[in-house]
Amino acid sequence: MESSSVLEPSVEPTGSPAPSYAEAFPPLDTGATGTAAPGKAWVPGKTLRPSTVTQVFTIPQVEQRYRDFDLGEHSELMRRVRSLMARTGAEVELSKSKDQSLHVVVSGKRDLVLETRRQLLAALQTQANLDMKIPRDHHKYILGKGGQKLKDLEKNTATRILIPRTEDTSDVIKITGTKENIDKARHYIQSISDEQAKLGFERLNIPKNFHPFITAKSQELREKYSVRINIPPPSVQSDDITIAGDRDGVTHVTDEINQIYETKKRTTTTISIQVGKSQHKYIIGPKGHTLQEILKETGVSVEMPPQDSTTETVTLRGERDHIGKALVVVYEKASSVLVTEVKAPAWLHRFIIGRQGQNISKITQDLPKVHVEFNAEKELIIVEGPPNEVEKARDQLQAFTEQLIRTMDHDSVKIPQKFHRHIIGKSGATISKLKTQTGTLITIPSDDANSDVIRIEGSPEGVAKAKEALLDLSNRMENEKSESVRVEQRFHSLIIGSGGEKIKQLRDTCNGVQVVFPEQGRKSDFVEVRGPKADVARAVQMLKKSNEDLIAENYTITVPVFKKFHKNVIGRGGAMIRKIRDETGCRIELPKNDADSDVITVIGRKDAVDKAKKAILAIQDEQGSMVTVELDIPQKYHIAIIGRKGKLLAQIQEECGGVSIKFPAAKAQSSKVVIRGPADEVERAKGQINELANERALNSHTEEVRAKREYHRFLIGRGGVTMKQIRETTGARVLFPTEQDEDPELISIVGRQEGCVEAKAILMEKIKSLENTVEETMNVPVKYHRHFVQQRGQVLRSLAEEFGGVQISFPRSGSDSEKVVLKGAKECVSSAKQRVLEVMADIDSQVTVECEIPAEHHRSVMGQRGSNVQNITKDFDVQIKFPERVSADADPDAVKSNIVKVTGKKDNVDRACDALKQLVPVTEEVNVPFEYHRFIIGKKGAGVRQLMEQHNVNITIPRLEESVDHVLVKGPVDSVARCRIALEEQVTRLDSEKEDRDRKAFKMEIHIDPKYHSKLIGRRGTQISGWRAKYDVQFNFPSKDEPESDLIVLQGYEENCITAKEEIDRIVGDYESQVSETIDVDPRCHSRLIGQRGRSIRKVMDDFAVEVKFPADKNSPTITITGAPDNVDDCKEHLLLIVEEQMQEIQERDEERALMSQYTQAPSRQMERERANTGNSSFVVRDAPWSAQLENEQEFPTMGAASKSSSAPSWGPRRR
């Protein structure tokens, strides 16, 4: 190690007498010594709040922001309330009492309820304002972290609190809300301000060198005065110490800290020494613990230079009497660890480490405090630890490295990355074979590395051999080529040939090129050819020629021939069709006799196919007078004549003897229609098509009329009566625009020309009459006005929408006038007046009936949020009013009213009353045996909840101690009846399941020798699991506590148990005929015979149908083979052959290890004991360094600087 000179320590004399040791160096705070409990302790007094809460508050009429709140479903207030519920997720219910007070119920999660309550009060209740003067220093405590405290305060008090911004110099806080809530908020804010007024804060500027002495006393001061003391950590270069807390406590702590500083300033001195930079970490210790230990033990503070500084100066600060002791401790800590280096090429590092760290573990196993790191960049091995152990490890590593350099070699070969995957081979087969043959380690870079260099390491001979093999592979692949050729997929099987015969011929012709067809099921025409360039080019040309030949030979056309002529095409005994095939060389396919098709398919070369087609058509022409006719039909009628999905055209062809009718393609822009067939049938088809075309021409005239959208309903008429009259009169169809049409005012008229013109005239006359705006008046008694204008004029808006936008104006509220003005189209005004009279008549015909329903059932009858009542109101067009609920604080003698008032037409009211009474719940007992109650309830009550939700009833299950055979069902009559049926069905199902369980409980006992139990169970229970699934039978074997028992119990259906017993008896009989034989095998071979996770031995057992058992004792050589005699002999012979090969490998490996051990063997324990007996002298300081000049450097040897450790992976025990 390098040595460095020791600087002469500097002494700072002091003039005042030194204080006592206890005053100067109070003991360091070590923190709490108690152990934490493994789990969280229960804290007394804590209560669990419910996840949802409900708040009810009332807004008196005098405090309401608006005098008239409308609580209707479509009112603006309810719309805002629904919007608020959607934003916050809370539920809000509003209601009014007789004194016009507004009652609000808010339910949901606590934070959401508070926020919703605050927003509702701000919107519904009159607000007041208050200004508070609070010192600006206290504002941050009111805001809290991230403003959270202010948000919580606003929620809890339902107020709005505005605090001045930072740049604002004002100290006024503004509070907005109700008077009561403002008082609450003011009280909370004032309390926070008063509390902060009692607190103090102090900042002290004390040199950082003295902070360790204050840190030692800080915990005691914190506990004594309950204050917060913030001392900057060593890494922060700051002299400020802050103290916060109670004002008096801050004052006392400030005085004590100043006193500590002044005392240490007078009594302490410093000494500087040089310590190698690499040794600093051993003085500091983990997280600075060593520095704290030195301070606690000696009362001296050790000041270390920053980590990024290059200086090696360490300063000790303390009293004269203790600084010498601290110096000794510092040198001991610095010299406790030695760092040295061993040069080793980076490529040898993996061999030095060994497989799974085996080699390096041998070196460090007797040196537990040694830490070894490998630095590949600098090609170094860094050894760190106690000096004596480091030297031993270094010597062993040097010897091992030199031995490896003599016996190992490495090289690299550059091969294009595109060939790497071929070198690796399928599942690594090629590269594994090469490694085995050459005995080398071959490293191929990953695809992400984008490198062409392959590295080879091993013996010199093996490296040379592997390099030659890799270059040979590369040269061969350089000459290879891969090319894709397009071959239609339908020809792939023809090119491959039967059993792959044709493709084998191609490979043989082209020197074994690889031809890869796409996978079955994948729709691709591309075939890949891979191999030497010349052979690939030849194979591609052959494939292309085969594809072209097959395309030419498989040209296909279809020839329509009337079904009755197919027999003439075939000829007597097939003579005619054979003749055509022989002459043309084409394949001719006719449809089956029972098929509907009359098309004949011809396949072959194009010229031959055309020749065959002419021959077939000639036969048809000879047998019947075939003609071809062309019709000129406008293209716009083609789709109509063909019909949907061609049904109309197919019907014409069928009626006309199957004639061929061909329409031009839509893109052809042609009007020619071709008909071919027998002359009479063609004439019939021609007549039908012309008739259809003429009909379409006559009925395809179109007229257009425009009318405002609001007039359409009057033009259509009630129930479409007007349109029906126009259609019957003119024969034309009137088409009104839909919501999807671009022009909502365009009305189309389709039909014959004269009918369309007549219909257009009728519509124009009606539209003209609608456009004549008139203004009329009518008298409507004042008592009806409220009905028309309620709900913000909802009835009037409905009338306007229904009658073409007619305007209906009623007198102002409070006026005695009965005059109502209607303005709009004449017909619209007349219809609206009639409708107003009908509404008045409906109001006069309304009656109010009192329906008696017990008050305790009102909530059930109304349903959730009044859903039942809303449905009845809508279905029967009535109004229903329930009596007001009696509040909890009302007079207990008050009698709840049972009367529900229903208003509407007499018939509707009667039916609504009946519907209400049907909703009155009844209670009925349903017979359910007690043992089935738990099945009705279900897991965690899921079953009974599903029944209640499905049938809208309440089901009461008796308590366990009652043990009764019924359940109570409560709800509407119909619902109870449905639920009763469902329960009875469940009981029937449970009865059948119980009966099935009783049948399945049958048990059968059989006695089997215990030695066969494990065989019956099978490996990991596979055999017994298969029997359970196959026979649906449970097999119960004796427990481990009864190893000698031969009883096996079978449980299941009786017939299944009998079948399973027969299977067991048969298998046991097979086992009893087996023999067992043992062989002795060296225990070192056992693991290889077994293989990874037993795969090898399982394969042997499967191949020879035997069972092989290895001894539980790892040192025992005996292996037992059980099975049929012949199989046992074959298996024994097979295993002995494998063992013989393995023993040869083991012997070679042992010889190699013996050779290596002379270089890697650790020093003997005898040498260690001899060294321990020699003793170890400690470092002694003579004379105090502050009282005499240094005459030489022997007293203070310097610490050399070692190289910095690398971040490479480390080996050896973890440093402490």
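Biologist: Is Asp535 buried or exposed?

Modeller: Asp535 is buried, at 9% relative accessible area; buried means under 20%, exposed over 50%, and partly exposed in between (1.4 Å probe, protein chains only). Keep in mind that this is a predicted model, where local features need pLDDT of at least 70 and side-chain atom pairs count only at pLDDT 80 or more, while totals for chains, interfaces and linings use all residues. Residues are numbered from 1 along each chain as its sequence is written, and side-chain values use heavy atoms, leaving out hydrogens and water.

Biologist: Which residue does Asp535 meet in a salt bridge?

Modeller: The general idea first: side chains of opposite charge can pair when their charged atoms come close. Here a salt bridge is a side-chain nitrogen of Lys or Arg within 4 Å of a carboxyl oxygen of Asp or Glu. Asp535 pairs with Arg538 at 3.1 Å, N to O. Both sit in helix 20 (residues 533-553), three residues apart, about one turn of the helix; helices (H or I, at least four residues) and strands (E, at least two) are DSSP runs, numbered from the N terminus. Arg538 is partly exposed, at 38%.

Biologist: And where do salt bridges share partners?

Modeller: Glu924, Arg980 and Glu984 are joined into one network that way.

Biologist: How many salt bridges turn up in the whole structure?

Modeller: The search finds 36. One of them ties Lys467 to Asp411, again 3.1 Å from N to O. That pair links distant parts of the chain, 56 residues apart: Lys467 is in helix 17 (residues 460-478) and Asp411 in strand 16 (residues 409-414). Lys467 is partly exposed at 26% relative accessibility, and Asp411 is partly exposed with 26% too. Arg530 and Glu528 also form a salt bridge, with their closest N and O atoms 3.3 Å apart. Arg530 comes out partly exposed at 25%, and Glu528 partly exposed at 29%.

Biologist: Now the nonpolar side. Which residues touch the most other members of the largest nonpolar core?

Modeller: A nonpolar core is a set of buried Ala, Val, Leu, Ile, Met, Phe, Trp, Tyr and Cys residues joined through side-chain atoms within 4.5 Å. Among the 36 residues of the largest one, those are Leu715, Ile747, Leu763, Val780, Phe788 and Ile808. Helix 31 supplies the largest share, six residues.

Biologist: What does Val780 touch?

Modeller: Counting contact as heavy atoms within 4.5 Å, and skipping residues up to four places away in sequence, Val780 touches His785, Phe788, Phe810, Glu818, Val820, Val836 and Met840. There's also a second, separate core of 35 residues, including Val559, Ile600, Ala612 and Val629.
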